[in-house]
Amino acid sequence: MRAFDYVRAERVDDAIAALADPNARCLAGGTNLLDLMKGYVEQPTRLVDITRLPLASIEPAADGSLRIGALVSNTDLANAPIVRERYPLLAQALVSGASPQLRNMASVGGNLLQRTRCHYFVDVGFDMCNKRKPGSGCAAREGSNRIHAILGASDHCIAVHPSDMCVALAALDAVVEARNGAGVRRIPMSEFHRLPGTAPERDTELRHDELITAVILPPSPFADHSHYLKVRDRASYEFALVSVAAGLEMDGKRVRDARIVLGGVAHRPWRASGAERALVGHALDDDTLAKAALAATEGARPYRDNAFKVTLAQRAVARALREAASA
Amino acid sequence: MDRRSLSAEGAARRRFLCGTGALTTTLAHVPPLIAADNNASTPTREARGPGAPRHVRLDVNGYPYDVVVEPRVTLLDALREYIGLTGTKKGCDRGQCGACTVLVNDRRINACLTLAIAHEGDRIRTVEGLATANALHPVQAAFIAHDGFQCGYCTPGQICSAVGMLDEARRDTISAVTRDVRRRGPVELTDDEIRERMSGNLCRCGAYVGIVDALREVLKKSA
């Protein structure tokens with residue numbers, strides 16, 4: 001790890017002011033940032049410790065939404081009674097990620113900014129990575145790409161977003177609240193994470209001089225019928241090959257509304273709108289499930305090692321929907 | 001070697017650890033030797049440049065330790081290399097194995113992915129702080145009784161993790177194998193729950209069967 005200066009922010013404005021330095025980074029849980037610093041992927045010259053800022057509360061608002069402070073730990077968010085009751089999908093997604101120790105450390109804001117686990121990004125021994133070194137190329141396209149994207153990738157980058165929490169937040173129409181020198185900006189989850197396009201070095205729409213202060217969850221109609229399914233190479237403590245956040249609002253036996261978001265398949269949580277349309281107005285019989293599953297991977301473009309993800313994603317969608325319906 | 005001699009050996013080792021603990025405690029009022037050496041070897045760094053060493057007071061196992069560390073020194077390295085508490089182990093150093101698990105404000109965390117300088121004012125508890133003068137912590141005793149280890153390298157992390165895990169379960173927390181996260185009430189620590197909740201600690205000897213047995217016994221005795 002390279003040497004850096006350490007400052008502790010006592011107020012949100014102090015943290016935002018400190019971010020004027022392009023080589024400064026915020027330190028919250030540190031589980032991703034310090035790991036990347038040890039590998040020289042990140043080399044900030046200043047860390048701004050924001051852990052003492054008053055952003056660690058979960059507060060229900062009068063309009064029925066829930067305001068989650070950016071510094072709430074993954075553990076505390078998953079176990080908050082109001083989250084377990086109203087947003088079980090989010091609680092499930094959170095506890096399927098990382099390990100108990102890491103979840104005790106990791107913050108909501110940090111989880112939103114988690115960086116990809118692409119082998120070629122996390123290892124500076126590889127010369128080519130457009131995300132780490134813009135213009136250097138993408139080694140994963142011709143390399144080992146079993147864990148990579150099947151949807152929404154570009155010739156510049158085929159990395160996937162690693163978070164479970166974000167997949168559930170996308171399904172729940174969460175909004176990210178960020179502060180900058182001029183004021184507050186609210187960014188819907190559907191716009192927060194970017195597709196790689198020609199600028200894969202930018203994971204999100206957040207600007208460098210902005211601090212995530214909260215995530216806002218609107219009331220959810222999916223609390224009674226939701227499921228987070230994660231498929232990975234081992235039973236626990238592993239990133240998703242494919243994950244599915246499924247939420248259903250039922251009208252008797254028919255689907256009134258549905259949300260399906262996939263993880264592990266794209267540079268951001270991947271909303272499967274086609275699959276949702278295939279469900280609305282129908283009973284969840286095998287035929288409907290098959291149509292929704294097929295629609296979920298529409299436009300998929302696998303690479304040498306990850307064609308299995310297309311079938312896996314389809315089956316995961318069908319299973320997650322069955323689980324959600326019976327929840 | 002029968003169980004009793006194993007326990008006796010454990011007790012002897014424990015006495016040794018208590019002895020070293022007492023030694024470092026007496027040093028707590030002056031900067032520990034290693035930190036002082038480290039500081040002396042880099043005199044120019046303290047005066048200028050990013051990352052100059054800073055004085056930090058850490059509360060470890062109830063004792064204050066004054067160390068002089070660069071901001072980039074992890075809690076794990078501060079414990080082992082500056083304070084001399086080598087019970088906490090460095091496995092992967094990247095948050096992937098759990099060998100460095102310690103308890104901070106009663107929560108288990110990976111000491112390798114957190115900075116020492118960020119823990120001023122926190123209550124840090126390591127494997128050296130679990131036993132009392134005369135008795136092992138119930139989790140330690142159960143690990144010995146059930147062969148919850150072979151080489152022992154992951155064991156301090158496993159034990160600290162288990163102490164944190166049992167506390168989390170008492171506070172009605174969910175896991176990835178919890179069937180219905182909306183249902184409240186006491187957590188039933190089935191073998192599946194124990195395995196999932198201990199999955200942040202890898203054991204390359206494969207002592208998992210003994211670890212689950214040990215924790216089942218702790219649960220039975222505390223019921």
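Two residues are in contact if their C-beta atoms, placed from the backbone, lie within 7 Å. The exercises below use this meaning throughout, and they concern a predicted model.

**Exercise 1. Find out which residues A:Ile187 touches, leaving aside its neighbours within four places in sequence, and decide whether A:Ile187 is buried, partly exposed or exposed.**

Solution. Begin by placing the residue: A:Ile187 belongs to strand E7 of chain A, which runs over residues 183-188. Once the neighbours within four places in sequence are set aside, the contacts of A:Ile187 are A:Val175, A:Val176, A:Ala178, A:Phe192 and A:Glu205. For the last step a cut-off is needed: a residue is buried if 20 or more other C-beta atoms lie within 10 Å of its own. A:Ile187 has 19 C-beta neighbours inside 10 Å and therefore counts as partly exposed.

**Exercise 2. Determine whether the radius of gyration of chain A agrees with that of a compact globule, and describe how chain A is built.**

Solution. A compact globule with 327 residues would have a radius of gyration near 20 Å, and because chain A has 19 Å, the two agree. Along the principal axes, the C-alpha atoms of chain A fill a box of roughly 60 × 50 × 35 Å. Turning to the secondary structure, one finds 13 helices and 12 strands in chain A. Of its 327 residues, 55% are buried, and among the contacts in chain A with a separation of 6 or more, 63% are between residues 24 or more positions apart. Chain A is also divided into domain 1 (1-52) and domain 2 (226-326), whose centres, taken over C-alpha atoms, are separated by 37 Å.

**Exercise 3. Identify the residues with the most contacts inside the largest nonpolar core.**

Solution. The largest nonpolar core has 162 residues, and within it A:Ala168 and A:Val317 have the most contacts.

**Exercise 4. Work out which helix supplies the largest share of the side of chain A that touches chain B.**

Solution. Start with the counts, in which 31 residues of chain A are in contact with 32 residues of chain B. Several elements of chain A each supply at least two residues of this side, including strand E1 (5-8), helix H2 (33-38) and helix H6 (100-105). The largest share, five residues, comes from H6(A). By kind, the residues of the side of chain A that touches chain B divide into 14 nonpolar, 11 polar and six charged.

**Exercise 5. Explain why the buried residues of helix H5 of chain B are on the same side of the helix, and name the helices against which they pack.**

Solution. In helix H5 of chain B, residues 138-145, the buried residues include B:Val139, B:Gln140, B:Ala142 and B:Phe143. These residues cover an arc of only 165 degrees around the axis, and therefore they are on the same side of H5(B). In general, an α-helix has 3.6 residues a turn, so residues three or four places apart point the same way. The buried residues of H5(B) pack against helix H6 (155-170) and helix H8 (208-222) of chain B. Just after H5(B), B:Asp147 takes a positive phi of about 50 degrees.

Terms used:
Residues numbered from 1 in each chain as written. Chains lettered and ligands numbered in written order. Predicted model: local features only at pLDDT ≥ 70, side-chain atom pairs only at ≥ 80, totals over all residues. Core = buried A, V, L, I, M, F, W, Y, C linked by C-beta atoms within 7 Å. Buried ≥ 20, exposed ≤ 12 C-beta atoms within 10 Å, placed from the backbone. Helix = DSSP H or I, 4+ residues; strand = E, 2+ residues; numbered from the N terminus. Nonpolar A, V, L, I, M, F, W, Y, C, P; charged D, E, K, R; others polar. Arc of directions from axis to C-beta. Rg over C-alpha atoms; globule rule 2.2 N^0.38 Å. Domains from an automatic or database assignment.
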